[in-house]
Amino acid sequence: MDRISSSVWLSESDMDVVGKDACKGVIKFEAAAGGREPKIIQAILKDVIGKGKGAGPEPKVGTSYYNIGVMAAMIVAEGVRKAAEKAPNGPVTGPWLNDGIQSITNFTADGFLPASR
C-alpha cells in the first residue's frame with residue numbers, strides 16, 4: 001500500500017512491525033499530542049520516570065498509546081475536579097463524575113489536547 005489513513009490505532013509500535021520504510025503515505029489523527037515535548041509528558045519523565053517510579057518501559061513514554069492513556073487520565077481527573085466544584089460533598093457516584101466530565105470546556109492541558117468548541 002502506498003497510502004494509509006488511520007484514526008489513532010496505527011502507532012509507532014505498529015509501524016515498527018511492518019517497517020518504517022514500508023509506511024509511506026501514512027496519514028493519521030491523534031487525539032493527544034505525540035512525543036515527549038508536551039509539558040505533562042516532561043513532568044512524567046522528570047517526576048515519575050526520573051525518580052524511579054515508572055511502571056513500564058521508559059522508551060514507551062511519549063508514544064501514541066502512552067499519550068492516549070495520559071489523555072484519558074487527564075480527562076477523568078478534570079472531570080473529578082469539575083464535579084467537586086459543582087458538588088463538593090458528593091456523593092461520589094457515576095452520575096456525579098458524569099456531570100463533571102460533561103461540564104468540561106476549553107480544557108487543553110497546556111496544549112496536550114485539542115481545544116474544544
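The segment after α4 holds N106, and A109 is also placed in the segment after α4; helices here are DSSP runs of H or I with at least four residues, strands are runs of E with at least two, and both are numbered from the N terminus. The model is a predicted one, in which local features need pLDDT of at least 70 and side-chain atom pairs count only at pLDDT 80 or more, whereas totals for chains, interfaces and linings use all residues. Residues are numbered from 1 along each chain as its sequence is written, and side-chain values use heavy atoms, with hydrogens and water left out.

Most residues other than glycine have a negative phi, and most peptide bonds are trans. N106, a residue other than glycine, has a positive phi near 50°, and A109, which is not a glycine either, has a positive phi of about 55°. N106 counts as exposed because its relative accessibility is 59%, while A109, at 15%, counts as buried; buried means under 20% relative accessible area, exposed over 50% and partly exposed in between, with a 1.4 Å probe and protein chains only. In the loop between α3 and α4, where P91 is found, the peptide bond from G90 to P91 is cis, with omega near 5°.

A109 also belongs to the largest nonpolar core, which has 14 residues, and those touching the most other members are I41, V70, M71, M74, A109, F112 and L113. Such a core is a set of buried Ala, Val, Leu, Ile, Met, Phe, Trp, Tyr and Cys residues joined through side-chain atoms within 4.5 Å. Two or more residues of this core come from each of α2 and α3, and α3 gives the most, with 4 residues.

The packing of α3 against its partner helices was then described. The axes of α2 and α3 come within 11 Å and cross at roughly 100°, the axes being lines fitted to C-alpha atoms, for helices over the stretch in contact, and the angles running from 0 to 180 degrees between N-to-C directions. The two helices, α2 and α3, are therefore roughly perpendicular, a term for angles of 65 to 115 degrees. In this packing, I40, I41 and I44 of α2 meet Y66, N67, V70 and M74 of α3, and the contact has 6 nonpolar, 1 polar and no charged residues; Ala, Val, Leu, Ile, Met, Phe, Trp, Tyr, Cys and Pro count as nonpolar, Asp, Glu, Lys and Arg as charged, and the others, Gly among them, as polar. Helix α4 (residues 94–102) packs on α3 at an angle of about 105°, with the axes 7 Å apart, and α3 and α4 are therefore also roughly perpendicular to each other.

N67, in helix α3 (residues 64–86), is buried, with a relative accessible area of 0%. Its side chain reaches the backbone oxygen of G35 at 3.2 Å, which falls under the definition of a polar contact as a pair of N or O atoms within 3.5 Å, where within protein one must be able to donate a hydrogen and the other to accept it, and residues adjacent in sequence count only if both atoms are side-chain atoms. R36 is found in the loop between β2 (26–29) and α2 (39–49) and counts as partly exposed, at 27% relative accessibility. A polar atom of the R36 side chain lies 2.7 Å from the backbone oxygen of E58.

Conventions
Parallel < 35°, antiparallel > 145°, perpendicular 65-115°, else oblique. Contact = heavy atoms within 4.5 Å.
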